[in-house]
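Please keep the sequence and the structure in view while reading.

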Amino acid sequence: MMGQIEMGDPTKNPATGFVFAADLGGTHLRSATVDEAGQIHFRLKHDTPRADSALEIVRSLVLAARECATQTTAQVGRTCDFKAISVVVPGTVNVEKGSVVTAPNLPCLDGFPLTAALTDELRRPAILENDANAAAVGEMWRGAGRGHSTIVCVTLGTGVGGGIILDGKLWRGVDGAAGEIGHMGVDPFGGVACGCGSRGCLEVYASATAIVRMTREASPRYPDSILRIGGGLTAEKIYEAGVAGDELALEVFRRMGVYLGIGLANLINIINPEMIVIGGGVANGWDLFEKYMHQQVAERAFPLLAARVKIVRAECGDDAGLLGAAKLGFAQVV
Ligand SMILES: [Zn+2]
């Protein structure tokens with residue numbers, strides 16, 4: 001297992017090497033050349049290959065790595081020789097074996113030895129990490145968490161992911177599955193069924209999917225809403241309606257903020273973090289849910305802990321996972 005992740009000040013470290021970082025999502029494969037200062041030199045975005053062939057995914061990663069190396073070499077005027085290949089996936093990974101345990105959106109990778117396949121092709125050390133864990137590392141390295149060592153990162157996307165860094169060390173748990181903040185129970189009485197098999201998880205109230213579902217559910221009570229409850233409804237459209245004062249949208253973000261605040265209060269009391277960083281697309285609705293989130297934290301968390309913790313928006317956007325992957329890649333080989 002890797003020890004402490006040395007964060008330091010990246011601007012004081014000369015950029016002496018590169019890592020190929022890839023964020024393999026259910027929809028897109030994003031990849032980049034990243035240097036030791038956290039600068040992205042070249043990036044690519046492709047559709048994720050069809051999800052039934054692990055070898056097809058390996059091929060896409062290998063082609064992307066070669067393209068990034070070629071383009072970076074041309075750009076920086078010296079040979080781009082990757083120190084490591086670092087891939088993050090939306091699922092549980094076995095870091096030691098470099099294999100995916102389970103990735104619901106990429107089922108062909110379940111049990112597949114991905115890092116061994118990449119090392120075979122590219123002749124470089126390869127590592128694998130969960131995407132939300134990597135995002136937490138990315139935010140601590142180059143984003144909102146700079147200068148802190150005990151942070152929790154919550155990613156509000158299609159689902160809700162989480163990453164926990166304690167005293168500068170990514171906390172993976174004994175099975176590599178720690179930090180599943182989206183599956184913390186926040187509704188003890190019944191609750192909505194969650195994809196994980198449980199009910200009332202934070203994910204079914206605070207993800208983009210949840211925002212859309214809650215809007216549909218509440219719409220009969222808001223006949224004057226400007227929102228059209230059709231197939232094209234998105235969390236972004238609901239947010240825009242909320243900004244325009246739509247009562248249905250405001251109620252949905254209020255509920256989302258309440259549930260998120262309950263979850264954060266639990267995290268604060270258990271972990272006593274310096275900072276909670278909130279990222280993902282739904283974090284764009286910050287001004288609509290922030291007040292309700294803070295209210296729950298104030299009511300539920302221990303006052304000393306609640307007063308100290310900073311709850312802030314993420315700063316790395318879609319690059320958090322790539323940057324975290326790169327940082328973990330450098331930590332592996334340095
Ligand atoms: Zn769940």
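The model is a predicted one. Its open sheet has five strands in the order E10-E9-E8-E11-E12, with mixed pairing. E10 and E12 (310-313) are the edge strands, each pairing on one side only.

**Strand E9 and its neighbours**

- Strand E9 covers residues 160-166, and six of its seven residues are buried, so that the strand is mostly covered.
- Strand E8 (residues 151-156) runs antiparallel to E9, and six bridges join the two.
- Within this pairing, Cys153 has Gly163 in E9 as its bridge partner.
- The link from E8 to E9 is a hairpin through three residues.
- E9 also pairs with strand E10 (residues 169-170), in the antiparallel sense and over two bridges.
- Ile165 stands opposite Leu170 of E10.
- A hairpin with two residues between the strands is formed by E9 and E10.
- In that turn, Asp167 has a positive phi of about 45°.

**Strands E11 and E12**

- Strand E11 (residues 275-279) pairs with E12 in the parallel sense, over four bridges.
- In E12, Arg313 stands opposite Ile278.
- Strands of a sheet pair through backbone hydrogen bonds, and the pairing is either parallel or antiparallel.

**Helices on the sheet**

- Helix H8 (residues 286-300) packs on the sheet, where it touches E8, E11 and E12.
- The direction of H8 makes about 165° with that of E12.
- Helix H3 (residues 131-142) lies across E8, E9, E10 and E11.
- H3 runs at about 55° to E9.

**Helices H6 and H7**

- Two packed helices are described by the angle between their axes and the distance between the axes.
- For helix H6 (residues 235-243) and helix H7 (residues 247-271), the axes come within 7 Å and cross at roughly 110°.
- Because angles of 65 to 115 degrees count as roughly perpendicular, H6 is roughly perpendicular to H7.
- The crossing of H6 and H7 is left-handed.
- On the H6 side, the contact is made by Ala235, Ile238, Tyr239, Ala241 and Gly242.
- On the H7 side, Ala249, Leu250 and Phe253 make the contact.
- Of the residues in the contact of H6 with H7, seven are nonpolar, one is polar and none is charged.

Definitions and conventions
Residues are numbered from 1 along each chain as its sequence is written. This is a predicted model: local features need pLDDT of at least 70, side-chain atom pairs count only at pLDDT 80 or more; totals for chains, interfaces and linings use all residues. Side-chain values use heavy atoms; hydrogens and water are left out. Buried means under 20% relative accessible area, exposed over 50%, partly exposed in between (1.4 Å probe, protein chains only). Two strands pair if DSSP finds at least two bridges between them. Axes are lines fitted to C-alpha atoms, for helices over the stretch in contact, and angles run from 0 to 180 degrees between N-to-C directions. Angles under 35 degrees count as roughly parallel, over 145 as roughly antiparallel, 65 to 115 as roughly perpendicular and the rest as oblique. A crossing is left-handed if the near helix is turned anticlockwise from the far one by less than a right angle, and right-handed if clockwise. Contact means heavy atoms within 4.5 Å. Ala, Val, Leu, Ile, Met, Phe, Trp, Tyr, Cys and Pro count as nonpolar, Asp, Glu, Lys and Arg as charged, and the others, Gly among them, as polar.
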